[in-house]
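Work through the following exercises with the sequence and the model open. Each task is followed by a solution in steps.

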Amino acid sequence: MMSDITISALALGAASLLGSLVGFFFRRIPHKLNDIFLGFCAGMMLGAAIVCLILEGLETAGNSGWWQVAAGVAAGVVLISYIDILTPHLHSLTGLGEMESHPAGNRTTGSVLLFVTAIAIHKFPEGMATGITFDGHDIDNAWAVTISIALQNIPEGLVVVTPLLLIGVSRLRTMMVALAIAAIEIAGAYTGYCIGGISTALLPFLLGLAGGAMLYVLSDEMIPETHAHGFQKQATYALVAGVMLLLIICQLTD
């Protein structure tokens, strides 16, 4: 099982770095393409949050332990909500397409660094959500969560690099920031796995917590971002496709 979590954690980090590498070559991505891809990722994460985390937690807890999962979901929402008090909404600071209409000179260094910090903080609970699933009974669910979050990491890795380059940060320092953010998510994955392994009695709560955290991020960050530029229908179609793909993956691996 330790080899599985290692592969998963490294896959999450690699996906984030892949997005960052793309950002070095393509500094401007059309809103439409960005919103469609984020919508697809949001759909996969939505399916993973419900099927692979919350439902898995309910199955693990049994009929009498549903309250543990409900408490976990509530705790996950509160946790990410509190993080949002400390850091601003990601979609209100920057986006891939926004760089087309807002030159680097119009963006302060402080706002860009604040944005990068916000993404870094959100990476840790994302990694934990993946690591926790590897303590569950269904390893296939864990891999489904890994795939959904890894896909979402690609555009996030890109939007870390793009604003830094546009405000004049050197490529070397930008890559060091990208590496640090990838490392944060890897650390989160191992932390979630270790916490879940402490006590199986805590697993339903932790699965609920991870699911609640993902649902909050989806509703508060990802979906609003995909609906902010006039391409909400395309993003919605992509979201539905993402949910269906996740469900098909779960069915095929069952």
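**Exercise 1.** Locate T146, decide whether T146 is buried or exposed, and list its contacts.

Step 1. T146 sits in helix α6; helices (H or I, at least four residues) and strands (E, at least two) are DSSP runs, numbered from the N terminus.
Step 2. The relative accessibility of T146 is 4%, so T146 counts as buried. The classes are buried under 20% relative accessible area, exposed over 50%, and partly exposed in between (1.4 Å probe, protein chains only).
Step 3. With neighbours within four places in sequence left aside, T146 is in contact with S8, A11, L12, T130 and F134; contact means heavy atoms within 4.5 Å.

This is a predicted model, in which local features need pLDDT of at least 70 and side-chain atom pairs count only at pLDDT 80 or more, while totals for chains, interfaces and linings use all residues. Residues are numbered from 1 along each chain as its sequence is written, and side-chain values use heavy atoms, with hydrogens and water left out.

**Exercise 2.** Describe the surroundings of P204, including its C-alpha distance to A61.

Step 1. P204 belongs to helix α8, and its 3% relative accessibility means that P204 counts as buried.
Step 2. P204 and A61 are 143 residues apart along the chain, yet their C-alpha atoms are separated by 5.6 Å.
Step 3. Not counting residues up to four places away in sequence, P204 touches A61 as well as G57, T60, Q68 and V69.

**Exercise 3.** How do the axes of α2 and α8 cross?

Step 1. The two axes come within 8 Å, and the crossing angle is roughly 160°. Axes are lines fitted to C-alpha atoms, for helices over the stretch in contact, and angles run from 0 to 180 degrees between N-to-C directions.
Step 2. α2 and α8 are therefore roughly antiparallel; angles under 35 degrees count as roughly parallel, over 145 as roughly antiparallel, 65 to 115 as roughly perpendicular and the rest as oblique.
Step 3. The crossing of α2 and α8 is left-handed, the term for a near helix turned anticlockwise from the far one by less than a right angle, with right-handed for clockwise.
Step 4. In the contact of α2 with α8 there are 18 nonpolar, six polar and three charged residues. Ala, Val, Leu, Ile, Met, Phe, Trp, Tyr, Cys and Pro count as nonpolar, Asp, Glu, Lys and Arg as charged, and the others, Gly among them, as polar.

**Exercise 4.** Which residues have the most contacts inside the largest nonpolar core?

Step 1. A nonpolar core is a set of buried Ala, Val, Leu, Ile, Met, Phe, Trp, Tyr and Cys residues joined through side-chain atoms within 4.5 Å.
Step 2. The largest such core has 33 residues, and C52, M214, M222 and L246 have the most contacts inside it.
Step 3. Helix α8 gives the largest share of this core, 10 residues.
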